[in-house]
Amino acid sequence: WILEFAEEEINDATMSLKASPLHVTKSCRLEFDESAYDCGIGGNRDNTLPHVVVSYDSLVTPPSHIAIPLSNPEDFEARRVLKEKQVEGYDKELFGCERFTVKSRDGDSCIPVSMVFQRDSLTKNNGNIPVHLYGYGSYGASIEASFRSTRLPLLKRGVVYVLAHVRGGGENGRPWYEEQGKYLGKKNTFNDFVDIARWLTDESELGASDDIGRGITNPSKLSCEGRSAGGLLIGASINQAPDLFRAALLGVPFVDLMCTMVDSTIPLTCIEWQEWGNPNEEEYHDYMMSYCPMQNVQEGKTYPSCLITGGLHDPRVAYWEPAKFAATLRHKSTSSGPILLKTDLDAGHFAASDRYKYLKEQAFEFAYLLEQLGVV
């Protein structure tokens with residue numbers, strides 16, 4: 001928003017020692033051409049200039065800084081791009097993005113969904129497009145619709161990349177997290193993710209803002225991904241609907257929720273009670289047990305292929321959590337593909353800090369996804 005203020009004239013002598021109150025004389029909400037984007041205030045060191053600088057990027061537009069005239073901020077033609085990050089070999093015109101919503105199963109919410117794709121991929125829509133669905137949905141963290149050049153290897157091979165802004169994040173304000181996505185509302189996070197997956201595979205009877213994305217894929221072409229608390233999301237989702245996905249990528253996943261949360265000697269456990277609840281209280285214990293991925297693997301069910309990663313020096317999600325989950329899946333379920341465990345003996349929670357090692361890890365994970373989706 002751009003707000004214009006004016007000082008209010010006060011005749012009361014008692015106000016002479018106080019600052020004059022301000023009131024808004026004009027307001028304007030900034031709009032942009034693209035439906036899914038990330039925008040914030042940029043560097044504005046000179047307050048005498050006739051424009052304001054905002055930082056802007058989207059699922060298809062690299063990070064840029066735009067000067068927006070204060071006299072007419074709604075005029076798209078008057079805006080100037082001051083700087084835009086150059087991405088070698090990238091042609092923005094070949095890609096598109098969309099933002100739509102899917103109705104939640106409880107009818108209380110419309111779940112935002114962002115989608116990025118290579119344009120010619122959707123022109124071949126026959127319900128068989130490979131789709132990768134990413135989610136997080138915890139701690140009130142927002143998954144922004146921002147530009148990531150690391151997605152391009154998937155997009156250029158025809159994969160549609162979808163971001164699920166499920167409850168538990170902060171995309172729709174604080175209540176999206178505090179009232180609907182934590183404590184005894186945590187299952188909303190997993191239900192939302194599964195509902196979006198069903199929409200993409202046209203197995204949903206729920207409504208949406210429009211038919212964008214509906215039925216573009218099927219379970220044999222749908223993969224999913226989440227990291228850390230997002231790994232909990234993926235674990236709970238594949239337990240709820242194991243036949244809905246072809247492959248799942250769980251990065252340092254928090255899947256042994258109950259064993260970790262009942263052990264107060266672990267440094268972060270007591271702090272985490274503010275997110276999940278205290279399992280020493282019966283109400284929270286029973287609720288957490290009902291969705292804990294480790295405790296709810298379905299016996300004899302066919303699960304998607306999984307790539308589960310961990311770090312030996314991870315202080316947040318101990319390396320034995322992904323190891324135990326991999327062993328549990330192998331023991332209790334059958335699988336449509338391999339259940340892989342990859343433990344980095346040098347890494348912590350955020351994987352490699354070395355740029356080249358990070359890119360190698362990305363290549364490994366993408367190779368796995370592309371092979372499972374039948375793209376290569």
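**Entry 1: the whole chain**

I noted before anything else that this is a predicted model. I then looked up the secondary structure and found 10 helices and 16 strands in the chain. Next I checked the overall form. For 376 residues, a compact globule would have a radius of gyration near 21 Å, and the chain comes out at 23 Å, so the two agree. Along the principal axes, the C-alpha trace spans about 80 × 50 × 45 Å.

I also wanted to know what share of the residues is buried. It is 49% of the 376. The chain exposes about 18,400 Å², and carbon and sulfur atoms supply 50% of that. For contacts between residues at least 6 apart in sequence, I found that 65% join residues at least 24 apart.

**Entry 2: helix α4**

I picked helix α4, which covers residues 187-200. How far apart are its end C-alpha atoms? They are 20 Å apart, and that agrees with the 20 Å that 14 residues should span at 1.5 Å a residue.

Then I looked at how covered α4 is: 12 of its 14 residues are buried. Among them are F190, F193, I196, W199 and L200, but the buried set also includes N188, N191, D192 and D195. One thing to remember from class: an α-helix has 3.6 residues a turn, so residues three or four places apart point the same way. After α4 comes D202, and I wrote down that its phi is positive, near 60°.

**Entry 3: S114**

Is S114 buried or exposed? Its relative accessibility is 0%, and the cut-off for buried is under 20%, so S114 counts as buried. I found S114 in strand β8, residues 110-118. The side chain of S114 makes a polar contact of 2.7 Å with the side chain of R99. Leaving out residues up to four places away in sequence, S114 touches a list of residues that includes R99, E98, A36, L59, Y161 and H165.

**Entry 4: G300**

My last stop was G300, in the loop between α8 (282-291) and β13 (302-303). Which residues does G300 contact, beyond its neighbours within four places in sequence? They are K332, S333 and T334. I looked up the pair G300 and S333: they sit 33 residues apart in sequence, yet their C-alpha atoms are 4.6 Å apart in space.

How values were computed
Residues are numbered from 1 along each chain as its sequence is written. This is a predicted model: local features need pLDDT of at least 70, side-chain atom pairs count only at pLDDT 80 or more; totals for chains, interfaces and linings use all residues. Side-chain values use heavy atoms; hydrogens and water are left out. Helices (H or I, at least four residues) and strands (E, at least two) are DSSP runs, numbered from the N terminus. Buried means under 20% relative accessible area, exposed over 50%, partly exposed in between (1.4 Å probe, protein chains only). A polar contact is a pair of N or O atoms within 3.5 Å; within protein, one must be able to donate a hydrogen and the other to accept it, and residues adjacent in sequence count only if both atoms are side-chain atoms. Contact means heavy atoms within 4.5 Å. The expected span of a helix is 1.5 Å times one less than its number of residues. The radius of gyration is taken over C-alpha atoms; the globule rule is 2.2 Å times the number of residues to the power 0.38. Accessible areas come from the Shrake-Rupley method with a 1.4 Å probe; for residues, only the protein chains shown count as cover.
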